[in-house]
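I am keeping these notes as I look things up, one stop at a time.

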Amino acid sequence: MSQEYVERVFEIVKKRNPGEPEFHQAVYEVLQSIKPVLDKHPEYEQASLLERLVEPERQVIFRVPWQDDQGRIHVNRGFRVQFNSAIGPYKGGIRFHPSVYLGIIKFLAFEQIFKNSLTGLMMGGAKGGSDFDPKGKSDSEIMRFCQSFMNELFRHIGEDTDVPAGDIGVGGREIGFMFGQWKRLTNRFTGVLTGKGLSYGGSLVRTQATGYGLIYFVDEMLKDRKTSFEGKTVVISGSGNVAIYAHEKASQLGAKVVAMSDSNGFIFDKDGVDLQVIKQIKEVEYKRIKEYLNYKPSATYQEDCFGIWNVPCDIALPCATQNELDGNAAETLIKNGVIAVGEGANMPCTIEAIEKFVEAGVSFGPAKAANAGGVATSGLEMAQNSQREMWPFEEVDRKLHRIMVDIYSTAKNAAEEYGAPGNLVVGANIAGFQKVAQAMMAQGLV
Ligand code: NDP
């Protein structure tokens, strides 16, 4: 019965959102997983719950005009998709990348609903962004763009309405510029954005949170296999915020990270990738990862970022972008003996790749559970802002660790309860969905 309902809703999604394959993919994965819950709750179909769940509550698309350093005028497109507010104010990052279009923002906002639900905190799902490319832009150009972006966005957000954060291309610098403009436009100082600098309301550990949280989550997966990070070889794609702090925590736990990448290519260092060098190149100089060879000539560089999955490893952590690890890459990793895969990025593995990992008995941590540490710590930043307090590093880190352990056991228990033991994809989708579904049912037809 649920099969027919799910298929019907998926057809509506495809028809109503043509040309948005990433959104279709994200919806498909969730709908397939939650069928056992729908069988148990026929009232959901009667209330057209899924039809409502797959339609964003609000979508805003706007013009972002800005001037470069030569005085030339450019026009980009801005987005904010406020997908679901059943369990709290909308919450989700902002992405600046040339590949951004409505379908990407919609898939990310949809995933965010269930991820935020899994954290146990009161946060609804949203996402925003622009097709603006920050690469090669000066600080002044970035500032003018961020200010122009906020000139429209400010109407739609607020500390109890919608609280954006960073994502690809949006880090501390961009959040600072956007916060400054929001304050100027509204004459208010509140926690309207998270990922803020520590001098104006940011939370300790927010910078590290997604990467650290990913490692805490994968550590739980490894414990269930009666092993740990100690002595393991790790490959991490990307070299941005998530990748860097995943490296930091994995290394602290005794692992050796041998490869990292950016969108141009990947480096391999058999002695272990030197994190201080990566931080210097990526956080200070904003340069390409091949610069690593200038510091470590014994390392190698290859001009194909997807080739990173050919590097043999025990643990693979895709932390760059969506659909970066496909079925062929999964086969290679399995052949090379991978035992665990944790998604640091959002939807980095294709559906085919996930199926291969699950089939091969590889422990697989899906993004909406494994990378929820970032938004969870954003939730903690909101709590600190509301209290006008700043908690010490150890306290936030302890709370983050607790949340990741809880997410793991929640997903694992849900998978067991609904007949898919060990399948954290199914478990995370079901656990995330249940809370949102209950709240939507309780709140009537909205
Ligand atoms: P950053 O912008 O800091 O880093 C992104 C990294 O991925 C860079 O190394 C970038 O390389 C690489 N990358 C981007 N696009 C591509 C591409 N098309 N192909 C190959 N590599 C690419 O972003 P984050 O680290 O913040 O985000 C990474 C992922 O994690 C995203 O999927 C994001 O949605 C997800 N995420 C982030 C959270 C956070 O708190 N930051 C929270 C939860 C999820 P280059 O510099 O060459 O572009």
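**Entry 1: Glu220.** I looked up Glu220 and found it in helix α9, where helices (H or I, at least four residues) and strands (E, at least two) are DSSP runs, numbered from the N terminus. This is a predicted model, in which local features need pLDDT of at least 70 and side-chain atom pairs count only at pLDDT 80 or more, while totals for chains, interfaces and linings use all residues. Residues are numbered from 1 along each chain as its sequence is written, and side-chain values use heavy atoms, with hydrogens and water left out.

Is Glu220 buried or exposed? I noted that Glu220 counts as buried because its relative accessibility is 12%; buried means under 20% relative accessible area, exposed over 50%, and partly exposed in between, with a 1.4 Å probe and protein chains only. Not counting residues up to four places away in sequence, Glu220 touches Val405 and Tyr408, where contact means heavy atoms within 4.5 Å.

**Entry 2: helix α10.** I turned next to α10, which runs over residues 241-252 and has 12 residues. Nine of the 12 residues of α10 are buried, so I wrote that the helix is mostly covered. Among those buried residues I listed Val242, Ile244, Tyr245, His247 and Glu248.

What do the buried residues of α10 pack against? I found α9 (206-224), β6 (233-237), β7 (256-261) and α11 (275-284). After α10 comes Gly254, whose phi is positive, near 100°.

Entry 3: I then looked up Arg95, which is found in strand β3 (residues 90-96). Arg95 counts as buried because its relative accessibility is 3%. The side chain of Arg95 makes a polar contact with the side chain of Asp167, at 2.6 Å. A polar contact is a pair of N or O atoms within 3.5 Å; within protein, one must be able to donate a hydrogen and the other to accept it, and residues adjacent in sequence count only if both atoms are side-chain atoms. Leaving aside neighbours within four places in sequence, Arg95 is in contact with several residues, including Val100, Ile104, Leu108, Thr321 and Gln322.

From the side chain of Arg95, an N or O atom is 2.9 Å from an oxygen atom of the ligand. I found a polar side-chain atom of Lys135 at 3.1 Å from a ligand oxygen, and one of Arg288 at 2.4 Å from a ligand oxygen. Taken alone the ligand exposes 890 Å², and the protein buries 85% of that; these areas come from the Shrake-Rupley method with a 1.4 Å probe, and for residues only the protein chains shown count as cover. The elements that give two or more residues to the shell around the ligand are α9 and α10.

Which residues come nearest to the ligand? Of the 25 residues around it, I noted Asp167, Thr210, Ser263, Arg288 and Asn346, where near means that a heavy atom lies within 4 Å. By class, the shell has six nonpolar, 13 polar and six charged residues. Ala, Val, Leu, Ile, Met, Phe, Trp, Tyr, Cys and Pro count as nonpolar, Asp, Glu, Lys and Arg as charged, and the others, Gly among them, as polar.

**Entry 4: helix α7.** The 15 residues of α7 (residues 139-153) should span 21 Å at 1.5 Å a residue, and I found its end C-alpha atoms 21 Å apart, which agrees. Among the buried residues of α7 are Ile142, Phe145, Phe149 and Leu153. An α-helix has 3.6 residues a turn, so residues three or four places apart point the same way. The buried residues of α7 pack against several elements, including β3, β4 (124-130) and α8 (172-186).

**Entry 5: Phe114.** My last stop was Phe114, in helix α6 (residues 102-118). Phe114 is buried, with a relative accessible area of 0%. Not counting residues up to four places away in sequence, Phe114 touches Val30, Leu53, Lys368, Gly432 and Phe433.

Definitions and conventions. Expected span 1.5 Å × (residues − 1).
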